[in-house]
Amino acid sequence: MATSYRFETNPLARTACVWPFLLLVIAVAPGLAVASDASKQQADSSQQPQFLRLLRESRAPYHTFATRFIQHKRLAMLDIVLESEGMIFFRRPGSVRYEIISPVQSLMFYDGKKVRCYAFSEDKWNLLNNPGATAIGQVLRQIGRWIQGDFDADRKMFEIDAVPADDGGCIHLIPRSKALAEYIQRVEIHVKKVGDRYRVAQVIIRESDVDLTDMRFRQELHNQPIPEGTFTSPAASEACQAAFPPEDCSDPNEAEKPKS
Amino acid sequence: MRSTIWSILIGLLVGTSGCLCPPSLGEPVDDTARRAALLASYQPPDTQRVVYRTVLRSGGREISLVEIVKAFPEGGYSVAGVTDIGNTLYAVQIDPDGKGRVISKSLPFSDRWLLDHLVKELLIPWNGPQETSELYRLPDESWALIHEEDRLACMFVFDEMGNWTEFRRLAGGRLRSRISLEWDEGSTPNVMRVDNRDKHYRVVRERVSSNP
């Protein structure tokens, strides 16, 4: 571990030094960069820009967006997989609500400029003065870009290997810097093609050979009404969850919305 | 005359600040039956894995995370802290002999800070009073079992009903850290509140799940 920060009395004072690296990776898809020589060998380079362009064009008509996700965090040392569930709401040009709803509740808002982080603890939502707020803001901005299919940002951080397939494709992000590579070996973004639309179905963040975070997205809503307070209020959590139709709907965008 | 007044004033100031310290505990209480009962009332957690929701506050900053403790039948623990969005903040291994080592960390905690404070406090439910502990009666009528460890007094405070409600670490009579414990049906506390005055941080841990 190259990290050499040491302090004893105020452990949170310097967290911002590392958080940008970690959190930017969570933004995953936005961090695409140009292909490396190695990655070019794995995919037809002429197809990569087309694949990314199709993905971007497919997202262009969406002004609002919402999705549920299930996240599995595998920690080999503890021989466990931690499962959490959450949802993401987005409204152009850059409002994001990123909420974990179980087994613990936490929430992040981004309005294009500022970030607010909340944790549900001791029976109430607590606004946190999070030392990583700036980095989290970058992450949420990146999530917004990803939702829009904008994979041009932060090319400096990752090399890209885009591998198109008949049913979608996969985008590999490989950290350029050694510092980042110490925390993240690779990010895989699995894109699924449904009809003429593309959507990100799964993101895998490989921290090491054995530890990874696997996010699977489902019930993607496009241009659907966004509940009041979605981008400002923790109290909108229930309304946001109710915005999603029952799981058994084949197309959540065609489902009849539950009356709130 | 003036020097005498100053001496008195300084004495008063010292006395005032001394009030922040725990009052003298006096001599141990020679009550073998009660001491044995309190020792017996402590039961190590019978769970193999516990997950806590943690909010850490220090220097006006706050972070939330999930902490996982895995206890091994042969002794020893694996402990990890993970952010809500999945980053591993730290991973620590504690051997059966109590020796700890940091496997990985992605926040600027020092190894010592992690092992001797954050993780040690998390593992308090597994590390109860020792057989050599001495019994004390506290001014508020509660009972305490105290043993010495690494030149610190480890105080386990029990209420009148014999429930373990608090853990304190003291050095030279000065309170270094305090952990209050709230219990429900489980064998691990459902809430632990840490006030670490030594390192100037507070932690609230709420149990999310536990597996036998």
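Select helix 2 (residues 32-41) of chain B, which lies across strand 6, strand 7 and strand 8 (152-158) of chain B and runs at about 75° to strand 7 of chain B. Helices (H or I, at least four residues) and strands (E, at least two) are DSSP runs, numbered from the N terminus. Axes are lines fitted to C-alpha atoms, for helices over the stretch in contact, and angles run from 0 to 180 degrees between N-to-C directions; two residues are in contact if their C-beta atoms, placed from the backbone, lie within 7 Å.

This is a predicted model, in which local features need pLDDT of at least 70, side-chain atom pairs count only at pLDDT 80 or more, and totals for chains, interfaces and linings use all residues. Residues are numbered from 1 along each chain as its sequence is written, while chains are lettered from A and ligands numbered from 1 in the order in which they are written.

Next, select strand 6 and strand 7 (residues 143-149) of chain B, which run antiparallel and are joined by four bridges. Here E134(B) stands opposite I146(B) in strand 7 of chain B.

Now display the whole sheet of chain B: twelve strands form an open, antiparallel sheet in the order 5-4-3-2-1-12-11-10-9-8-7-6, where two strands pair if DSSP finds at least two bridges between them. Strand 5 (100-105) and strand 6 (134-137) of chain B each have a single partner strand, so one side of each is left without a neighbour in the sheet. Neighbouring strands of this sheet are turned by 20° against each other on average, direction ignored.

Finally, turn to chain A, which has six helices and eleven strands.
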